[in-house]
2 protein chains.
Amino acid sequence: MARNKHPEETVRLILDVAFRLFMEKGYEHTSIQDIIKHLGGLSKGAIYHHFKSKEDILFAVADRMTSESNQLLANVRNRKDLNGREKLKAIFKVSLNRPVQEELFAVAPNLRGNPKLLLSLLQETIEDAAPNYILPIIRQGIADGSIETDYPEELAELIILVANIWTNPMIFNNSADESYRKFMVFGQMLKGLGVDIVDGEMTDRVRELSSIYQKNKLHSAH
Amino acid sequence: MARNKHPEETVRLILDVAFRLFMEKGYEHTSIQDIIKHLGGLSKGAIYHHFKSKEDILFAVADRMTSESNQLLANVRNRKDLNGREKLKAIFKVSLNRPVQEELFAVAPNLRGNPKLLLSLLQETIEDAAPNYILPIIRQGIADGSIETDYPEELAELIILVANIWTNPMIFNNSADESYRKFMVFGQMLKGLGVDIVDGEMTDRVRELSSIYQKNKLHSAH
């Protein structure tokens with residue numbers, strides 16, 4: 001690969017390669033040297049020109065995934081044709097069906113073995129997803145009468161934490177059936193909190209994603 | 001301090017001192033040397049006779065706290081005079097009111113700065129508390145008709161994770177008011193799942209513990 005003259009393309013290439021390696025080998029087992037090897041002609045100096053450290057690359061990779069995904073969430077949040085409850089449902093559907101999901105579940109490592117990735121997902125969930133996407137939707141739902149709660153901030157945080165963390169087979173290493181049952185309980189929890197939005201299409205999709213992930217784990221064990 | 005002739009008392013002393021130092025300085029900032037210094041005349045060799053490493057001491061400290069607390073939970077689980085729903089309520093009351101709580105909240109560090117402690121709490125919650133204490137109570141509740149669910153394992157795990165992790169100010173560094181509101185949402189979530197057990201006494205106690213913790217944080221910031 002020839003040295004790229006456009007810095008933003010160099011950065012994109014570094015992140016593409018790093019993402020793939022972090023997912024395949026795990027963050028801890030990927031060295032800057034591994035990343036360079038897969039970048040063809042790029043020098044160590046060229047990487048360090050853009051990133052101070054491997055950790056810097058990790059956060060850039062996570063940031064990029066997050067901002068792609070956040071664009072989809074923002075599109076739902078900004079729609080004018082749905083009430084709050086409908087938007088909350090739409091946001092879970094969009095998340096489960098976004099293009100990167102199958103690829104991610106097909107190559108993702110167990111996040112418990114990658115504490116830095118897990119911590120970054122946790123932080124992003126609490127500090128970005130909850131206040132910037134879920135909370136405005138819940139506030140709209142309170143205003144339009146489709147959601148009833150006295151504690152919108154806490155409800156937003158709990159919902160997205162349970163969805164992103166507890167029902168996530170990459171963290172808990174659940175089987176397809178366990179993931180399905182967790183999502184059923186998540187749906188009942190939401191219903192009990194006055195937000196009845198989980199349907200069969202969503203629980204089927206969760207089972208499917210979890211089974212893709214388990215096949216990948218089975219592969220990498222051999 | 002004279003060298004103790006009874007090994008179980010030596011171990012107890014090491015754990016007492018280590019617990020105090022881990023809580024005050026943080027696990028990462030406590031060295032074996034610090035522990036020795038606070039043990040008076042005990043030699044490095046005497047510590048290594050009982051523990052392979054500092055991490056070994058940490059797990060022994062956590063195990064001891066857990067087994068003290070588990071004894072209280074087992075007492076509730078084994079009672080014959082309560083149905084499942086009543087036992088679940090009693091178990092939360094006992095946990096909030098157990099003697100070690102105020103001391104713990106008065107000296108505890110933020111667990112996000114102590115990933116090893118956080119991970120061990122998470123693991124203990126999922127692998128011990130959920131299956132051995134909450135699940136048998138939920139199964140009893142299903143049998144006696146006081147709890148209704150098709151997914152007892154998942155319900156047990158979700159309930160205890162939200163209680164131990166999400167409503168825990170040591171992890172999320174919540175103010176007393178935020179902790180109170182989180183516990184209110186936790187109560188509504190339980191009610192929605194058919195387990196209406198959170199009462200004013202419990203939410204008041206959560207506010208009180210969280211405020212003890214915040215005072216301690218204020219102190220250690222100076």
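## Domains, helix packing and symmetry

In chain A, the C-alpha centres of domain 1 and domain 2 lie 30 Å apart. The model is predicted. The domain assignment of chain A sets the following bounds.

| Domain of chain A | Residues |
|---|---|
| Domain 1 | 1-51 |
| Domain 2 | 62-221 |

**Helix pair in chain A**

Helix H4 of chain A covers residues 54-77, and helix H5 of chain A covers residues 84-97. Their axes come within 9 Å. They cross at roughly 155°. Angles over 145 degrees count as roughly antiparallel, so H4(A) is roughly antiparallel to H5(A). The crossing of H4(A) past H5(A) is right-handed.

Which residues make the contact? H4(A) supplies Leu72(A), Leu73(A), Val76(A) and Arg77(A). H5(A) supplies Lys87(A), Ala90(A), Ile91(A) and Val94(A). By class, the contact of H4(A) with H5(A) has 6 nonpolar and 2 charged residues, with no polar ones.

**Two copies**

Two copies of a chain are related by a rotation about an axis and a shift along it. How is chain B laid on chain A? A turn of 180° does it, with a shift of 0.1 Å along the axis. The RMSD is 0.1 Å. The two copies are therefore related as by a two-fold rotation axis. Both copies use the same surface: 100% of the contact residues of chain B recur in chain A. Which residue of chain B comes closest to the rotation axis? Gly192(B) does, with its C-alpha at 1.7 Å.

Note on methods:
Residues numbered from 1 in each chain as written. Chains lettered and ligands numbered in written order. Predicted model: local features only at pLDDT ≥ 70, side-chain atom pairs only at ≥ 80, totals over all residues. Least-squares fit on C-alpha atoms with pLDDT ≥ 70 in both. Contact = placed C-beta atoms within 7 Å. Axes fitted to C-alpha atoms, helices over the stretch in contact; angles between N-to-C directions. Helix = DSSP H or I, 4+ residues; strand = E, 2+ residues; numbered from the N terminus. Parallel < 35°, antiparallel > 145°, perpendicular 65-115°, else oblique. Left-handed = near helix turned anticlockwise from the far one by under 90°. Nonpolar A, V, L, I, M, F, W, Y, C, P; charged D, E, K, R; others polar. Domains from an automatic or database assignment.
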